[in-house]
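Work through these exercises with the model open. Try each task before you read its solution.

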Amino acid sequence: MSDDGLTAERAARFAPALLQWFETAGRKDLPWQRDPTPYRVWVSEIMLQQTQVATAIPYYEAFLARFPDVRTLAAARLDEVLHLWSGLGYYARARNLQRAAQAIVARHGGEFPQDFAEVLALPGIGRSTAGAILALSRGERHAILDGNVKRVLARHFGVEGYPGTPAVERRLWELSEACTPWSRLAGYTQAVMDLGATVCSRARPVCLLCPVSRDCVARQLNLQDRLPAPKPRVLRPVREAWLVVAMRGGSKVLLERRPPAGIWGGLWGLPEFPTRAHAEQWCGEQLTGAAVPRRADPLEHAFTHFHYRMRPLVVHCQGKAAALRDDDRYRWYDARQPARVGVPRPVATLIARVTAVTGED
Ligand code: SF4
């Protein structure tokens, strides 16, 4: 039999085996699986893009309790949306969720769109996410290709090369299309994601428990460790910034709202400067009469494309120096009673570290 014929046969056997396994082993009681409306499935898909299920569940429940539908999310203050996302990282996901909710209200009267192309046109929703939302909530036939599915298909069909390259990705989409059945779409879509998350895991696939192991090329050739091929290594540059930790009392820290675009866009961070001299100049101008700033230990955070090294300069403010008022740009944030605003976790860590070091008032 030709390679194409063999692949087609494998693809035809894939969904039935997976669906049978799903009946007994699949996850069927996740919060977004109860009453799987497009809105609820959509929020879960966005949260799960870079977050494990167990981590996402409490965030998901808090998010849905506060924003139970598209209209509530569309009308919310961005600060509150980001607050409920604080700790999950990749904040563009939260900003896009809200922008998309607003677009659904403006363009579709608040009803999640019916049409695949209209779903795909919403901010933050790519081809795989659009397919997953419509398959899981409405049982429509769409292939998906998230990170878990890429790994399963690359191993199962022995696809070489890094899945992020266009040719490999195209091949994986073809295979995903070929494997997608014509019925039981919600079950199949959940099953293929579950297989990648629980059995065909990145580090230790449990081939003995795998429902499609009989056909799996990686298992037959013992290539589980080599497929899919890892991302070619590139050295991430280091970006350094000086952050002013202006303190009032023992626990209040001055925050500045970050610009809407760029890293942590729209969240509250510490006043940030490219050099120590810039930071000290700002302290001299804005925090008149404050103590001399002193350095504290730096903190690093890894972003996808660079390392961000935060160099704190701690300055104690009294009298005039502490007179900066809360407004839309600045606010005094009490580390002991945090306000409901979005603060990136590394900034919260830095604040906790500094306020613990300096002690109570
Ligand atoms: Fe993954 Fe192993 Fe199943 Fe192949 S047999 S799909 S490598 S778990």
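This is a predicted model: local features need pLDDT of at least 70, side-chain atom pairs count only at pLDDT 80 or more; totals for chains, interfaces and linings use all residues.

Residues are numbered from 1 along each chain as its sequence is written, and side-chain values use heavy atoms, without hydrogens and water.

**Exercise 1.** Check the span of helix H6 (residues 92–108).

Solution. Helices are DSSP runs of H or I, at least four residues, numbered from the N terminus. The expected span is 1.5 Å times one less than the number of residues. After H6 comes Gly109, with a positive phi near 60°.

**Exercise 2.** Find how many residues of H11 are buried, and what they pack against.

Solution. Buried means under 20% relative accessible area (1.4 Å probe, protein chains only). Twelve of the 15 residues in H11 qualify. Among them are Tyr188, Gln190 and Asp194. They pack against H1, H2 (38–47), H8 (127–138), H9 (147–156) and H10 (166–179).

**Exercise 3.** Locate the largest nonpolar core and trace the contacts of Met47.

Solution. A nonpolar core joins buried Ala, Val, Leu, Ile, Met, Phe, Trp, Tyr and Cys residues through side-chain atoms within 4.5 Å. The largest has 93 residues; Met47 is among those touching the most other members. Helix H1 (residues 3–25) gives the largest share, seven residues. Now take contact as heavy atoms within 4.5 Å. Beyond four places in sequence, Met47 contacts residues including Tyr59, Phe63, Trp85 and Arg93.

Terms used:
Buried means under 20% relative accessible area, exposed over 50%, partly exposed in between (1.4 Å probe, protein chains only). Helices (H or I, at least four residues) and strands (E, at least two) are DSSP runs, numbered from the N terminus.
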